[in-house]
Structures are given as C-alpha cells and as structure tokens.
Amino acid sequence: MRWQGRAGSGRVSTASGGRGAAIGGLGFIVLIAYTLLTGDPSALLNGLFNQNNGSTLSEAREVELTEFVSVVLADTERVWSDVFDDYGEDYREPYLVIFSGSVQSACGNASSATGPFYCPGDEKIYIDLVFFDELEKRFDAPGDFAMAYVIAHEVGHHVQNQLGIIKQMEELRKTVSETEYNALSVRLELQADYLAGVWAFYVQGYGYLEEGDIDEALAAASAVGDDTIQKQSQGYVVPDSFTHGTSEQRMRWFRRGFQYGDLDHGDTFNATTLSIMK
Ligand SMILES: [Zn+2]
C-alpha cells in the first residue's frame, strides 16, 4: 500500500499509561483471583503473557506504525465520507485510540489480549500496536495491507453503528439464545469484512493499492477465521461457538466488498447461506 508521506488523520490519540505498569497491575489482580481458586498461578500467567508475547516495539517501529494507522484512518474517513455522500448522508468520523497493555473504554476495561476492538458507546477504535507484530508472527499474515484490513474491519463496525445495525443487534441479544446470538454475531462480523472490502475498492480507485495488497488482506481475514483459530488453539472446531465466521467466509465477504464497492451487496443478515460449502 502506498502510505508513506501521505497526510494522516487528526483523530488518533495515545492512551496514557505505560505497558509495564498496565501489565503489572493486571497480572497482580489475576494472580490473586487465580491463587484463591487453585493455588497455582503459573498456568494463567503463562496464558496471559502468551497473549501479549511479552513483546515490545522499538520506538522507531512505534512511530512508524502510529503514522501508518493514522494514514489508514484518514483513508477510511475519505472513503466513508464519499460513500455516505452517495447515499445523501453525512459520515460521522470515529476516533482511534492507541494503547499499551490495557485501556479503559466506554465498553469497559480491555487488555491487549482482547485484540483490536470498536466500542459503539464512545465511537472509538482501540488498538495495541503490538497486535500488528502478532498478526505477522502468530497469525502468519504479514504486510501493510494485512494491518490495514484490521483497521478497516473495525471502522466497518463504526459504519454499522452509524447505520443502526449495532443497535438492532443489542436489542436482539435480549431475546435470543446464546447460540442464536453467535450466529447473528457471525453475520455482523462478516458484514464488517464486507465493508473492509468496500474500503479496499475505493483505496484502489485512489491509486494507493500495490501488487499483493489484496492477497495480504485475504491472508489476514483467513488467519482470524473462527475455525482456523479454534483448530490452532484447541485442536478442534465448535461451529455453534463461532462469532466471527470461518476463514472461507471472511475471505469471501471481503472479496465481495472489494468486487462491488457499495453498500447494496453486503446484506449478510439476509444472505440465505453464508457458506457456499454448506
Ligand atoms: Zn469485528
């Protein structure tokens, strides 16, 4: 992706609080709780540190990634303002918060282990830049457009929020079973992937795409598929517990967004089948 030297968004901020302090504090609380339960804290602490990989970024890498995130966010502002314009609507731009270790959002306290997320309550995207290293190393999805896909997916949730879709989901949550809600969640997430694809379509139109970018995004979408993650983490898959969709579904809806580049072909909720394999 061509991003160096381009203007970034003015809506990126960095959450205060150092990584060391945040992880120390979190580890301490978890340690106490776990000790009370079993008397042996090592397993849980290992899990915690595995999630974070204990990795830190060099200052240069942090500066570079912050600039990258800012340019990608600016691209999402341009794209969604254009798209909303086409539909006679004004796009409300979200903020993006870069944090280290843990962060307080209107959706509660979150740690890096949560992964990047969007909070509808404060309309902010939260990301620990260390996740981008994990994307490359743990999820085996390297490349700048893999990272851009992650940001575009979260902005996709913001678009859903502005379209009223997240509010409808919150209403539905009160009336359906957990399994039914998981199935709805998959449709919500696949739609965010579709919207990330729409974003990529526009970015291509602006002339910023480079060869291999779409493959990088597809690799990232595949790496974060529920079946792939469950196979890696527990060795088997439990489809009823899927919340984000399979690797195949996530790639397909991203590709579809990239193909059509509009809001009209992304109705994952009324798609009769979400998988051509079924
Ligand atoms: Zn999502």
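## Buried and exposed

A residue is called buried when its relative accessible area is under 20%, exposed when it is over 50%, and partly exposed in between (1.4 Å probe, protein chains only). With a relative accessible area of 5%, Glu134 is buried.

This is a predicted model, in which local features need pLDDT of at least 70 and side-chain atom pairs count only at pLDDT 80 or more, while totals for chains, interfaces and linings use all residues. Residues are numbered from 1 along each chain as its sequence is written, and side-chain values use heavy atoms, with hydrogens and water left out.

Helices here are DSSP runs (H or I, at least four residues), as are strands (E, at least two), and both are numbered from the N terminus. The buried residues of helix 4 are Val130, Phe131, Phe132, Asp133, Glu134 and Leu135.

Glu134 also forms a salt bridge with Arg138, with the closest N and O atoms 3.1 Å apart; the term stands for a side-chain nitrogen of Lys or Arg within 4 Å of a carboxyl oxygen of Asp or Glu. Arg138 is partly exposed, at 40% relative accessibility. In the loop between helix 4 and helix 5 sits Asp140, which has a positive phi of about 55 degrees although it is not a glycine. Most residues other than glycine have a negative phi. Asp140 is exposed, with a relative accessible area of 61%.

The structure holds ten salt bridges. One of them joins the side chains of Glu123 and Arg92 (2.6 Å, N to O). Glu123 lies in the loop between strand 5 and strand 6 and Arg92 in the loop between helix 3 and strand 2 (95-98), so the pair ties together parts that are 31 residues apart in sequence. Arg92 is partly exposed, with a relative accessible area of 40%.
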